Amino acid sequence: MQTLTDLVASIRPLDKQKMAQAADYIESLAKPAKSLGRLEVMATQLAGMRGLSHLDNLQKEIIVMCADHGVFDEGVAVTPKEVTYIQALNMQKGLTGVCVLAKNSQTSVLPVDIGIDCEPIADMVSLKLARGCGNIARGPAMSRQDAEQLLLASAQLVKKRAEEGVSIFGVGELGIANTTPASAMISVFSDCDPHDVVGIGANLPLERLQHKESIVRKAVHINRPDGNDAVDVLAKVGGYDLVGMTGVILGAGACGLPVVLDGFLSYAAAIAACQIAPEVKNYCIPSHFSAEKGAQRALEHLNLKPYLYLDLRLGEGSGAAIAMSILSAACAMYCHMGLQANSGFSLPGSPT
Ligand SMILES: Cc1cc2ncn([C@H]3O[C@H](COP(=O)(O)O)[C@@H](O)[C@H]3O)c2cc1C
Ligand SMILES: O=C(O)c1cccnc1
């Protein structure tokens with residue numbers, strides 16, 4: 001994976017033949033046809049991924065990209081900036097929301113310092129180029145070169161973890177103020193006014209929402225990102241964590257492995273990833289419908305239908321952690337259910 005072009009080229013289409021075989025096999029299980037609904041669709045999708053030779057004993061991991069944002073200085077978040085660092089330490093201790101939910105679904109969590117405004121953190125994977133990205137209300141978040149370097153480094157990390165046995169990835173993030181750049185990215189990609197996508201993030205008081213909208217508008221106006229060039233959008237109005245998430249999504253696709261999305265921030269990253277490499281969409285598994293205002297618009301743009309409606313708006317990968325149990329359920333169905341033939345009956349398929 002030397003260049004972004006190589007990375008994109010290594011994302012292959014799903015294997016249609018294997019998917020057809022899997023669909024036939026699922027039809028032969030001891031149940032009415034299609035009665036396990038979207039679990040069947042999910043198992044069929046997974047069966048088409050070249051990185052999964054069978055759907056048994058899958059090792060699940062959520063990579064949590066942690067970084068700070070210069071735009072924090074514009075008063076777009078109520079949380080103290082140090083909370084990014086403090087919560088990153090809590091990730092290591094297993095104390096965050098994503099950690100407990102991931103533990104509950106037998107999933108590991110890998111926090112990555114991709115630009116927290118702090119000294120190096122002992123025993124934490126680091127891809128850090130700088131302590132926080134630029135303030136997008138005054139200039140670009142980072143150079144295009146830095147964005148490309150971080151995309152490749154994040155994809156490389158996924159490849160390494162896949163070689164070490166991880167077979168299902170999830171994406172998460174931590175970065176106080178990051179709903180501001182994510183809103184900017186989504187408004188550029190879906191060509192809509194910031195008013196339609198800017199939400200309260202981590203509880204910004206409603207009376208400050210207009211200010212946050214105006215900062216997003218200013219960021220887009222000053223940087224003039226090209227909505228048809230996702231790397232330009234990431235570099236100009238994104239952030240290190242959002243670039244890292246995009247790299248994780250592309251990296252999973254390049255390994256032929258599924259990547260479970262999380263909430264609002266992951267939607268922004270997934271839109272960027274799908275624009276860079278449209279084929280990667282087949283490897284994306286949506287998890288939940290975020291309660292952040294712009295979620296609907298982002299998911300419509302992605303054309304993905306979430307599995308869970310839980311009013312989550314935490315981030316970190318918390319929704320991905322819960323959805324890992326759904327992936328395990330789809331695999332359990334596929335690998336362990338009895339067959340109609342072995343049970344002495346045969347049912348007609350359901351009408352399509
Ligand atoms: C304690 C705490 C833990 C979090 N974990 C994730 N987020 C989430 O909220 C932040 C984005 O919201 P905003 O743009 O309004 O700052 C990100 O860190 C995101 O991961 C948290 C936020 C807080 C306060
Ligand atoms: O949807 C999310 O993931 C989200 C929403 C608000 C704040 N942080 C994350």
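Which helices and strands each supply at least two residues of the shell around ligand 1?

1. In this predicted model, the elements that each supply at least two residues of the ligand 1 shell are α4 (83-93), β4 (168-174) and α7 (179-189). The ligand is surrounded by 18 residues, and the closest are Ala 77, Thr 179, Gly 201, Ala 202 and Gly 315. Sorted by class, the shell holds eight nonpolar, eight polar and two charged residues.

2. Helix α7 deserves a separate comment. It is largely enclosed by the rest of the structure, because 11 of its 11 residues are buried. The buried residues are Thr 179, Thr 180, Pro 181, Ala 182, Ser 183, Ala 184, Met 185, Ile 186, Ser 187, Val 188 and Phe 189. Thr 179 is also among the residues closest to ligand 1.

3. The surroundings of α7 are helical: its buried residues pack against α8 (209-223), α9 (230-237), α10, α11 and α12 (295-302). After α7 comes Asp 191, which has a positive phi, near 50°.

4. One of these neighbours can be described in detail. The axes of α7 and α11 (residues 264-276) are 9 Å apart, and the two helices pack at an angle of about 40°. The cut-off for roughly parallel is under 35 degrees, and α7 and α11 are therefore oblique to each other. The crossing of α7 past α11 is left-handed.

5. On the α7 side, the contact with α11 involves Thr 179, Ala 182, Met 185, Ile 186 and Phe 189. On the α11 side, the residues are Phe 264, Leu 265, Tyr 267, Ala 268, Ile 271 and Ala 272. By class, this contact has 10 nonpolar residues, one polar and no charged. As background, an α-helix has 3.6 residues a turn, so residues three or four places apart point the same way.

6. From α6, the contact with α10 uses Ala 147, Leu 150, Leu 151, Leu 152, Ala 153, Ser 154, Ala 155, Val 158 and Lys 159. Residues contributed by α10 include Tyr 240, Val 243, Gly 244, Val 248, Leu 250 and Ala 254. The class count for the contact of α6 with α10 is 13 nonpolar, five polar and one charged.

Methods
Residues are numbered from 1 along each chain as its sequence is written. Chains are lettered from A and ligands numbered from 1 in the order in which they are written. This is a predicted model: local features need pLDDT of at least 70, side-chain atom pairs count only at pLDDT 80 or more; totals for chains, interfaces and linings use all residues. A residue is near a molecule or strand if its C-beta atom, placed from the backbone, lies within 6 Å of it. Helices (H or I, at least four residues) and strands (E, at least two) are DSSP runs, numbered from the N terminus. Ala, Val, Leu, Ile, Met, Phe, Trp, Tyr, Cys and Pro count as nonpolar, Asp, Glu, Lys and Arg as charged, and the others, Gly among them, as polar. Two residues are in contact if their C-beta atoms, placed from the backbone, lie within 7 Å. Axes are lines fitted to C-alpha atoms, for helices over the stretch in contact, and angles run from 0 to 180 degrees between N-to-C directions. Angles under 35 degrees count as roughly parallel, over 145 as roughly antiparallel, 65 to 115 as roughly perpendicular and the rest as oblique. A crossing is left-handed if the near helix is turned anticlockwise from the far one by less than a right angle, and right-handed if clockwise. A residue is buried if 20 or more other C-beta atoms lie within 10 Å of its own, exposed if 12 or fewer, and partly exposed in between; C-beta atoms are placed from the backbone.
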